[in-house]
Amino acid sequence: MLNIVLFGPPGAGKGTQAEKLIVHYGLKHISTGDVFRFNIKNGTDLGKLAKSYMDKGELVPDAVTIDMLAAEVDRTPDVKGFIFDGFPRTSVQADALDRLLEKKGMSIGMMVALDVADDELKLRLKGRAETSGRADDADPEVIANRIAVYKEQTAPVADFYARQGKLRLIDGIGEIDTIFSRICEAIDKG
Ligand code: ADP
């Protein structure tokens with residue numbers, strides 16, 4: 001089984017690379033951002049709660065996010081592995097994920113972390129805002145807050161996996177296919 005955490009700041013290209021990775025390795029993609037957006041679109045209670053945080057560029061509370069993630073994992077038995085995208089985003093979530101997988105006799109194989117400089121991130125998110133229809137991409141203040149929240153709460157998650165010898169840092173600048181090759185090389189090396 002191959003379980004990967006795909007990691008990087010907002011706009012790093014996680015969604016783009018995840019799409020390619022699921023095809024190449026036959027994995028199941030779980031994006032917490034996508035699940036929240038699905039719930040918002042369908043007007044569920046979870047969606048309403050998530051929206052109140054996402055619109056400000058804040059993180060949805062850990063307990064809510066962890067329960068949702070666990071339910072998503074449970075919904076998909078018999079897979080070759082998972083790509084976790086946008087999760088874990090805090091150290092509490094990282095710990096919870098380890099425990100959740102352990103109960104199922106699974107573990108994280110590696111964290112693939114996309115490295116992209118701030119200026120490039122802001123440019124990409126501005127470009128994406130024109131097509132994504134995402135409220136949190138449209139407002140420069142919300143984007144700035146997402147990047148700040150990333151640095152404060154999410155970046156430390158990389159250390160969590162580094163301590164376990166599982167962190168693979170990938171240069172996230174370049175052509176989509178070039179970055180994809182870099183990721184595959186890291187995964188195939190193990
Ligand atoms: P991006 O990586 O482009 O910022 P995502 O689609 O992964 O976007 O997430 C969008 C928003 O959803 C986040 O800014 C946050 O509010 C919420 N969210 C997604 N994943 C998590 C998580 N693991 N914990 C808390 N909030 C989350």
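Arg124 is partly exposed, with a relative accessible area of 24%, and in this predicted model its side chain meets that of Glu120 in a salt bridge, at 2.9 Å from N to O.

Helix 6 runs over residues 118-132, 15 residues in all, and spans 20 Å from its first C-alpha to its last, which is close to the 21 Å expected at 1.5 Å a residue. Just after helix 6 comes Gly133, whose phi is positive, at about 70°.

Now to a pair of another kind. Lys20 and Asp177 form a salt bridge in which the closest N and O atoms are 2.9 Å apart, and this pair links distant parts of the chain, since Lys20 sits in helix 1 (residues 14-25) and Asp177 in helix 10 (residues 176-189), 157 residues apart. Lys20 is partly exposed at 26% relative accessibility, and Asp177 is also partly exposed, at 48%.

What, then, of Asp137 and Arg134, buried or exposed? Asp137 counts as buried, with 1% relative accessibility, and Arg134 counts as buried too, at 18%, under the 20% cut-off. These two residues form a salt bridge, their closest N and O atoms being 3.8 Å apart, and salt bridges with shared partners join Arg128, Arg134, Asp136, Asp137 and Arg146 into one network.

For the model as a whole, the count comes to 14 salt bridges, and the pairs I have described are among them.

Terms used:
Residues are numbered from 1 along each chain as its sequence is written. This is a predicted model: local features need pLDDT of at least 70, side-chain atom pairs count only at pLDDT 80 or more; totals for chains, interfaces and linings use all residues. Side-chain values use heavy atoms; hydrogens and water are left out. Helices (H or I, at least four residues) and strands (E, at least two) are DSSP runs, numbered from the N terminus. The expected span of a helix is 1.5 Å times one less than its number of residues. A salt bridge is a side-chain nitrogen of Lys or Arg within 4 Å of a carboxyl oxygen of Asp or Glu. Buried means under 20% relative accessible area, exposed over 50%, partly exposed in between (1.4 Å probe, protein chains only).
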